[in-house]
Amino acid sequence: MDVEKSIAALNNPMRRKILEWLKDRSNFPPALPEHADLDGVCVAYIQEKAQLSQSTISNYMGLLKQAGFVTAERHGQWTFYRRNETNIRAFLSAVQDELLKP
C-alpha cells in the first residue's frame, strides 16, 4: 500500500465524490440490457454525473485505479469501474496505524 499515492489520489473533491457515488449503483442510470450482468459503472455514466470531460474523467479514474481504490474491467469499447473495498479498508487501516502509533 503506497499511502502517499493514495493520499494524492484523494486530494481532489471530485475524485472523492466519485468514490462516494460508486458505493451505490443507484447513483447512476440503469445499466444497458447487454451490461446488466456486469459489476461496476460504465465510465460514460461517471463522466455524465461529474459533468467533466472524457479526458479529465479518464485521468481521475486512472489515478483512483493506480491508488487501488477502484478496479476497472473492459467490455468491448466500455470500461466499468467499481470500488475496491479491500484496498480502501487497507488504506484506512494504514493511515490509522501511522497516525495513532505510540
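The model is a predicted one, in which local features need pLDDT of at least 70 and side-chain atom pairs count only at pLDDT 80 or more, while totals for chains, interfaces and linings use all residues. Residues are numbered from 1 along each chain as its sequence is written, and side-chain values use heavy atoms, with hydrogens and water left out.

## Overall fold

The protein chain has five helices and three strands, where helices (H or I, at least four residues) and strands (E, at least two) are DSSP runs numbered from the N terminus. Along the sequence these elements follow the pattern α-α-β-α-α-β-β-α. The C-alpha trace of the protein chain spans about 55 × 25 × 20 Å along its principal axes. Of the 102 residues of the protein chain, 33% count as buried, with buried meaning under 20% relative accessible area, exposed meaning over 50%, and partly exposed lying in between (1.4 Å probe, protein chains only). Among the contacts in the protein chain with a separation of 6 or more, 53% join residues 24 or more positions apart, a contact being heavy atoms within 4.5 Å.

## Helix packing

| Helix pair | Angle | Distance between axes |
|---|---|---|
| α1 and α5 | about 110° | 11 Å |
| α2 and α3 | roughly 125° | within 11 Å |
| α3 and α4 | about 115° | 10 Å |

Helix α1 covers residues 3-10 and helix α5 covers residues 85-100, and they pack at an angle of about 110°. That angle makes α1 roughly perpendicular to α5, on a scale where angles under 35 degrees count as roughly parallel, over 145 as roughly antiparallel, 65 to 115 as roughly perpendicular and the rest as oblique. The crossing of α1 and α5 is left-handed, a term used if the near helix is turned anticlockwise from the far one by less than a right angle, with right-handed used if it is turned clockwise. On the α1 side the contact involves Val3, Ser6, Ile7 and Leu10, which meet Phe91, Ala94, Val95 and Glu98 of α5. The residues of this contact of α1 with α5 comprise six nonpolar, one polar and one charged, where Ala, Val, Leu, Ile, Met, Phe, Trp, Tyr, Cys and Pro count as nonpolar, Asp, Glu, Lys and Arg as charged, and the others, Gly among them, as polar.

The axes of α2 and α3 cross at roughly 125°, and these two helices are therefore oblique to each other. Their crossing is right-handed, and the contact is formed by Met14, Ile18 and Trp21 of α2 together with Ile46, Lys49 and Ala50 of α3. By class, the contact of α2 with α3 has five nonpolar, no polar and one charged residues.

Helices α3 and α4 pack at an angle of about 115°, which makes α3 roughly perpendicular to α4. The crossing of α3 and α4 is also right-handed, and Val43, Ile46, Gln47 and Ala50 of α3 make the contact with Gln54, Ile57 and Met61 of α4. Five nonpolar, two polar and no charged residues take part in the contact of α3 with α4.

## The nonpolar core

In soluble globular proteins, nonpolar side chains tend to be buried together. The largest nonpolar core here holds 25 residues, of which Ile18, Leu22, Ile46, Met61, Leu64 and Phe69 touch the most other members; such a core is a set of buried Ala, Val, Leu, Ile, Met, Phe, Trp, Tyr and Cys residues joined through side-chain atoms within 4.5 Å. At least two residues of this core come from each of α1, α2 (13-21), β1 (41-42), α3 (43-50), α4 (54-66), β3 (78-83) and α5. The largest share, four residues, is supplied by α4. Leaving aside residues up to four places away in sequence, Ile46 touches Ile18, Trp21, Leu22, Phe28, Val41, Ile57, Met61 and Tyr81.

## Single residues

Ala8 lies in helix α1 and is partly exposed, with a relative accessible area of 44%. Ala8 and Gly62 are 54 residues apart in sequence, and their C-alpha atoms are 12 Å apart in space. Gln66, in helix α4, counts as exposed at 55% relative accessibility. Gln51 is found in the loop between α3 and α4 and is exposed, with a relative accessible area of 71%. The phi of Gln51 is near 55°, a positive value in a residue other than glycine.

Technical notes:
Axes fitted to C-alpha atoms, helices over the stretch in contact; angles between N-to-C directions.
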